[in-house]
Amino acid sequence: MWPIILAGLRTYAPYITLPAAVVIGAVGFGIERSIRGGEQTNYRESIREERDERLLEMTTEEDCTQVESLKQKSFIPRTILDRTKPGRFES
């Protein structure tokens with residue numbers, strides 16, 4: 001008799017497990033909500049949104065018409081290779 005019952009449970013396991021999981025989840029959600037008091041969670045903006053806002057504020061604060069000369073090449077980092085060849089970027 002047990003092999004027949006176990007075979008039936010194995011066959012119909014998805015049909016039994018899903019409703020049981022839904023019921024257990026709903027009961028757990030109700031208990032947690034009653035314990036926490038049902039208050040809303042304070043959500044923060046994502047890190048990407050905060051970064052975009054900060055970059056937008058930085059770009060609006062500075063004057064975009066005042067830029068450095070490209071002849072100075074200040075955007076190129078000073079490395080050991082630059083120190084070994086004096087006058088490499090002077091022209």
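Select residues 2-11, helix H1, and residues 13-36, helix H2: their axes come within 5 Å and cross at roughly 65 degrees. The axes are lines fitted to C-alpha atoms, for helices over the stretch in contact, with angles from 0 to 180 degrees between N-to-C directions. Helices (H or I, at least four residues) and strands (E, at least two) are DSSP runs, numbered from the N terminus.

The model is predicted: local features need pLDDT of at least 70, side-chain atom pairs count only at pLDDT 80 or more, and totals for chains, interfaces and linings use all residues. Residues are numbered from 1 along each chain as its sequence is written, and side-chain values use heavy atoms, without hydrogens and water.

Next, show the contact (heavy atoms within 4.5 Å). From H1, pick Leu9, Arg10 and Thr11; they meet Ala13, Pro14 and Ile16 of H2. By class, this contact has 4 nonpolar, 1 polar and 1 charged residues. Ala, Val, Leu, Ile, Met, Phe, Trp, Tyr, Cys and Pro count as nonpolar, Asp, Glu, Lys and Arg as charged, and the others, Gly among them, as polar.

Stay on threonine 11, in helix H1. Its side chain reaches the backbone oxygen of alanine 7 at 2.8 Å. Threonine 11 counts as exposed, at 51% relative accessibility. The classes are buried (under 20% relative accessible area), exposed (over 50%) and partly exposed in between, with a 1.4 Å probe and protein chains only.

Now select tyrosine 12 and tyrosine 15. Their ring centres are 6.3 Å apart and their planes lie at 50 degrees, so the pair is tilted. Tyrosine 15 is exposed, at 62% relative accessibility.

Finally, zoom out. The protein chain has 4 helices and 0 strands. Of its 91 residues, 1% count as buried.

Definitions and conventions
Phe/Tyr/Trp six-rings, centres within 6.5 Å; stacked < 30°, edge-to-face > 60°. Polar contact = N/O pair within 3.5 Å; in protein donor to acceptor, adjacent residues only side chain to side chain.
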